[in-house]
Amino acid sequence: MTSLGHPQQLLRPVALIFALLLGWSQLATAATLSDATPAPEFTLPLVANGEGDISLLNLRGSVVYVDFWASWCGPCRLSLPALDTLYREFGDQGFAVTAVSVDVVEEDALDFLKRYPVSYPVAIDKTGAVPRSYSVNGMPSGYLIDKAGKVRSVHVGFKKGDEAALREEIKALLAE
Amino acid sequence: MSVPRFVAIACLVTLSGCSGIEPVPAWERGYLADEGMQWQANPREAKFEGHVYTSKEASSGGAGAAGGGCGCN
Amino acid sequence: MQRGAAVAATNAGASPVAPTPTPRKTPLLTALGASVATLPAYQGVLADAPPEFTEVGLRYSRYSEDNLATDKFIGGSRERYDIDVTQFWIEAPVGSSWSVALDVQNDYMSGASPWFVGTQVNGQPGVIMSGASIQDNRVEVGVTTRYFWADGNAGFNITQSKEDDYEALAFAFDVAWNSDDNSRTWSVSASNSNDRVEPVDGNIPVFIDREDLDTQSLYFGVSQILSRTAIVRVGLSYTQSEGYLSDPYKLFDQRPDEHQRSALTFGYRKFFTDFQGALQVDYRFYSDDWGTDSHTVEAAWHQNFDRVTLMPYLRYYTQGEADFFGVTADLGADFYADDFRLSSYGAFTLGLRSTLQLGDWQIEGQLERYESDNDWGLYSGDAAPALVDFWRATVGITWRFD
């Protein structure tokens, strides 16, 4: 094999690739549900804290937090316990949480719930149809829905401190 | 193989591979989250490996690390 | 699927490095090895969220080189280096958007080192080794802070390395960010290292008092999710050093005082759902202005079991010799060296890595064998007699808590 030349020669064309790649960073952002969009309806089988199916329609009149999560999602280890705290706090004042696991394997979701137990109902959607209808763009993704069934805010990801901000939003919607 | 040709091939492979890609939705990224799918699942192992290879071989940079330095020749 | 693996909010697999089980950053500098001397710039990280837990870890590795073969040996000690490496780290989230990590590493080294290459009575080249009494201890301390926002993160690292005869201080900065659909991640990093060598006149005579070396490194990388089960990455790194680059512990070693290195890297990961395992392929092309090119190919299979992962891996490396390399040094030239590390050869590493997850604890073990030979190389050039073979074993434990 012959010598392949000097680093400078290598550098120039490679710089070009990166320039191209940067220029190509188009790819449209998926439209996200925004303020006051009616929350898409769904009916899904429950895997924890309930029997049968759960339907969003039946929760009309409550302030609802629909939370899409997965066992493989890191920040979900923070979001599930935080949501459980809020659910215990406001559950008897008309606040409901409906968690939707997007795990392909139900057992993975159940194992996660053993480590991070929650008291609110947890459903599963192995097909991805429901997260698609909500244009989910990150894990976890939460949709706060008002008593009239409209999406009032969207939360993507979960960090420490998000629980406090969410508490204020819930209080405001409960007061409406 | 000359450097420009080498790079040109790398470009083509990369770009052709990237142009027609459907974004993978957020809820279908479970496999991508697997430990085996990470570029370097263990930073301390990467550091150790970099140490060994850069002190015993002439190359450095990129996926390995860099060299020289310590008295570990 | 392996539980415990995790990704952050929006960028899932886009992250070049979203390790298990919690996403954490790849410390820039700490990804670097031995010396802080040349920085690997890189490894992007990723996770657009800080780690959810505090992690503490301890790792011990034993590196042991084979004795020099008798037919390649002229004098000194045949016992080459053994190195004991201890790594400790603690990494914790701070507030809602930061993480901080402390890395401490101690290397204890003993054995003999090739001093110069001469000619045996049979006319073949042979190595004159140092005595067996070389001992050295190196301590490295690094601190990394990292800030996370919705689409990326940025880290800053300071690392200091100290041994009797060598000191290095390095700074590194890296940024990684995701495209809007989180399918693509760009990484950029830059680093700087200032090194000082003050050779100890022990069992090898040295001829310098004190020398400096400055190194800067840059890295650009982009990774792209191809499908639910595949991701690819391309990277380019460039490193330049200026200062003392010779080896003070070799009798005949006179190298240029500048060194420019480039590396082009390519990585691919593919998950096979039927097997619950991932194929990892990495390639690097390296070229420098000392006349050395190299190719590195690594392949690994990462198999998930319930609580256990098993990862066999194979690495092939081949390099061409530096312009000024000679099996025996050409002392009449401007630059010369008989260092086997600058010769043409090929090398294989075969290894097995395993982890066991027990609740918040993870135990790891790893064993590998490295062998090198001039005949295994793709580049022409005469064989250096001091080519090295070694064993390496590692055990480690990691604990995670809220």
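V139(C) lies in strand β7 of chain C, and in this predicted model the residue has a relative accessibility of 34%, so V139(C) counts as partly exposed. The reasoning rests on the cut-offs, because a residue is called buried under 20% relative accessible area and exposed over 50%, with partly exposed in between.

V139(C) is also one of the residues that make up a nonpolar surface patch of about 900 Å². From strand β7(C) comes the largest share of this patch, which amounts to three residues. The elements of chain C that give two or more residues to the nonpolar patch are β7 (134-149), β19 (345-358), β20 (361-373) and β21 (390-401).

Turning to chain A, the reader will find five helices and eight strands, and these follow one another along the sequence in the pattern α-β-β-β-β-α-β-α-β-α-β-β-α. Chain A has 176 residues, of which 51% count as buried. When contacts in chain A between residues at least 6 apart in sequence are considered, 71% of them join residues at least 24 apart. As for the surface, chain A exposes about 7700 Å², and 56% of that area is supplied by carbon and sulfur atoms.

Note on methods
Residues are numbered from 1 along each chain as its sequence is written. Chains are lettered from A and ligands numbered from 1 in the order in which they are written. This is a predicted model: local features need pLDDT of at least 70, side-chain atom pairs count only at pLDDT 80 or more; totals for chains, interfaces and linings use all residues. Side-chain values use heavy atoms; hydrogens and water are left out. Patches are made of residues with over 30% relative accessible area and no salt bridge: like charges are joined within 9 Å, nonpolar side chains (Val, Leu, Ile, Met, Phe, Trp, Tyr) within 5 Å. Accessible areas come from the Shrake-Rupley method with a 1.4 Å probe; for residues, only the protein chains shown count as cover. A salt bridge is a side-chain nitrogen of Lys or Arg within 4 Å of a carboxyl oxygen of Asp or Glu. Helices (H or I, at least four residues) and strands (E, at least two) are DSSP runs, numbered from the N terminus. Buried means under 20% relative accessible area, exposed over 50%, partly exposed in between (1.4 Å probe, protein chains only). Contact means heavy atoms within 4.5 Å.
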